[in-house]
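Here is a short briefing on how the parts of this chain pack together. Please look over the sequence and the model before reading on.

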Amino acid sequence: SHLAAEIAQIREEQKSLQQSGEPTRLESSKLRERLEDLTQKVNAQTEMLAKQTDDFASANSLVLKLQKPSNLDPSQSSEQGSTLETVLGQVQKELIVVWPWLSPDNFNDALIQKFRELLDRKGSIEMGLGHLGDVNQGRVSKSLDPQWTQGSGRSKFLYQSLSYLTQLKRDYPKQFKFKVLGTDENFLICDRTFAILGVHHLTTTSTVFPTLEVGLRTTDPNIIQGLAARFKNPGIDAQNAAAYFNRGATRSELGDKQGAIADYTQVLQIRPQDDVAYNNRGLIYYELGDKLKASVDLDQAIQFNPQNAVAYCNRGILSADVDDKLAAIEDYSRAIQIDPNCASAYFHRGLARTRLGNKQGAVADYTEVIRIHPQSALAYFYRGLAYTKLGRKQEAIGDLQTSAQLFTTEGDQVNAQKALSMLNKLQKVSATVSVIHPVPRHGT
């Protein structure tokens with residue numbers, strides 16, 4: 001070790017001084033200072049090792065108190081159903097459940113039905129949600145028009161899940177509650193009689209206990225009380241930027257805009273050049289109608305990360321909203337240079353080009369959207385409109401037919417009817433033109 005090497009070196013120096021005769025006062029003084037310094041280092045390391053030993057003993061004692069039965073991972077399904085579904089059948093009065101995030105693996109229709117059955121038995125459920133996105137997928141700059149972002153299936157699942165939770169809250173206002181924690185903790189407490197901890201191997205500075213083995217169960221009242229207290233007062237470490245970011249994103253999705261702004265602001269105090277936090281906070285300001293603050297935040301996001309294509313696209317949408325079409329097109333084009341698959345930038349640039357009379361450019365942009373999202377009913381619809389304005393009726397009819405079919409498949413009957421209405425008008429015009437200007441036959 002480093003200390004052992006220092007000790008060996010000092011011994012060699014002592015030996016050398018003794019062999020050279022009477023050492024000078026200066027040499028002796030320097031040697032004494034080094035020895036004192038070394039003694040302090042040895043003492044400090046000894047104290048640290050002793051503390052680590054105590055911590056290890058405490059952690060080991062905690063683990064020994066926990067019993068691990070089989071199939072106790074609430075996030076995993078088995079032939080008997082998930083652990084949470086099983087526990088829901090055992091709860092008499094009260095269930096506390098905390099998830100880092102929701103996913104199709106741990107949140108489904110069967111689980112919602114179990115929730116309702118418990119609530120119908122006059123039981124209560126308190127739910128803590130860490131955040132909406134899987135932390136392993138990294139932080140993402142949010143878009144003002146999220147329908148074009150990749151992973152829209154995940155967004156649809158989260159929207160549906162939050163709708164379920166909101167409906168439960170409306171149906172059982174006194175029995176069902178949920179809150180945003182912002183951390184990665186995962187546990188459940190059943191009737192204050194037992195708890196199941198540690199579903200995901202995640203570690204944050206704000207967790208109550210060290211990372212434990214998956215599916216550990218305890219009946220220790222001290223541990224249960226500690227988890228319940230943690231759930232009631234989910235404080236976040238002042239320097240834990242990730243936890244504030246996660247909570248801010250989730251608060252935003254749940255409609256707590258001011259809470260989300262406060263969390264993103266805390267992130268920016270810890271990480272002053274966080275372009276994603278600036279982008280996401282800017283979107284919340286925009287949703288609240290404060291376009292000036294939204295613009296300032298998006299400018300900051302781009303300044304700190306000139307490669308943030310989403311921020312450019314968002315700023316373009318904001319410029320278009322205040323009727324600055326040229327500035328909007330410039331930002332959309334920059335987003336496309338950075339990310340050639342930025343469907344939102346192509347779509348909104350197509351809209352801006354249409355309004356400026358550049359119909360050919362609009363067709364080209366909608367075509368790129370279709371390349372990226374071949375099943376986009378909206379892109380086919382708008383390209384059909386652009387073809388109509390160019391007088392290219394057959395292409396327009398083809399796009400509007402495809403658009404109507406895709407809207408119908410999506411269950412969007414309102415827009416499907418709009419596409420069919422426009423299609424009928426075009427087909428009538430084409431039929432009229434055919435009568436007035438019949439195609440001459442050969443030989444007549």
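I189 has A195, a residue of β5, as its bridge partner. The strands involved are β4 (residues 187–190) and β5 (residues 194–197), which run antiparallel and are joined by four bridges. The model is a predicted one.

**The sheet**
- β4 and β5 belong to an open sheet of six strands.
- The strand order is β3-β2-β1-β4-β5-β6, and the pairing is mixed.
- β3 (176–180) and β6 (216–218) stand at the edges.
- Each edge strand has a single partner strand, so one side of each is left without a neighbour in the sheet.
- From one strand to the next, the twist averages 10°.
- Helix α4 (residues 109–120) packs on this sheet.
- α4 touches β1 (94–99), β2 (124–129) and β3.
- The direction of α4 makes about 140° with that of β2.

**Helices α8 and α9**
- Helix α8 covers residues 257–270, and helix α9 covers residues 275–287.
- The two pack at an angle of about 155°, and their axes are 10 Å apart.
- Angles over 145 degrees count as roughly antiparallel, and α8 and α9 are therefore roughly antiparallel to each other.
- Their crossing is left-handed.
- On the α8 side, the contact uses K257, A260, I261, Y264, T265, V267 and L268.
- On the α9 side, it uses A277, Y278, N280, R281, I284, Y285 and E287.
- The residues of this α8 and α9 contact divide into nine nonpolar, two polar and three charged.

**Helices α9 and α11**
- α9 also packs with helix α11 (residues 309–321); their axes come within 10 Å and cross at roughly 20°.
- Angles under 35 degrees count as roughly parallel, which makes α9 roughly parallel to α11.
- α9 passes α11 in a left-handed crossing.
- N279, L283 and Y286 of α9 make the contact with V310, A311, N314, L318 and D321 of α11.
- By class, the residues of the α9 and α11 contact are five nonpolar, two polar and one charged.

**Helices α12 and α13**
- Helix α12 (residues 325–338) and helix α13 (residues 343–355) have axes that come within 9 Å.
- These axes cross at roughly 150°, and that makes α12 roughly antiparallel to α13.
- The crossing of α12 past α13 is left-handed.
- α12 contributes K325, I329, Y332, S333, A335 and I336 to the contact.
- α13 contributes A345, Y346, H348, R349, A352, R353 and R355.
- The contact of α12 with α13 holds seven nonpolar, two polar and four charged residues.

**Aromatic pairs**
- With ring centres within 6.5 Å as the cut-off, the count comes to nine aromatic pairs.
- One of these pairs is F245 with Y264, and its geometry is edge-to-face.
- The F245 and Y264 rings lie 5.5 Å apart centre to centre, with 75° between the planes.
- The pair links distant parts of the chain, as F245 and Y264 are 19 residues apart.
- F245 sits in helix α7 (residues 241–253), and Y264 sits in helix α8.
- Y264 is also among the α8 residues that meet α9.

How values were computed
Residues are numbered from 1 along each chain as its sequence is written. This is a predicted model: local features need pLDDT of at least 70, side-chain atom pairs count only at pLDDT 80 or more; totals for chains, interfaces and linings use all residues. Side-chain values use heavy atoms; hydrogens and water are left out. Axes are lines fitted to C-alpha atoms, for helices over the stretch in contact, and angles run from 0 to 180 degrees between N-to-C directions. Angles under 35 degrees count as roughly parallel, over 145 as roughly antiparallel, 65 to 115 as roughly perpendicular and the rest as oblique. A crossing is left-handed if the near helix is turned anticlockwise from the far one by less than a right angle, and right-handed if clockwise. Contact means heavy atoms within 4.5 Å. Ala, Val, Leu, Ile, Met, Phe, Trp, Tyr, Cys and Pro count as nonpolar, Asp, Glu, Lys and Arg as charged, and the others, Gly among them, as polar. Two strands pair if DSSP finds at least two bridges between them. Rings of Phe, Tyr and Trp (its six-membered ring) pair if their centres lie within 6.5 Å; planes under 30 degrees apart count as stacked, over 60 as edge-to-face and the rest as tilted.
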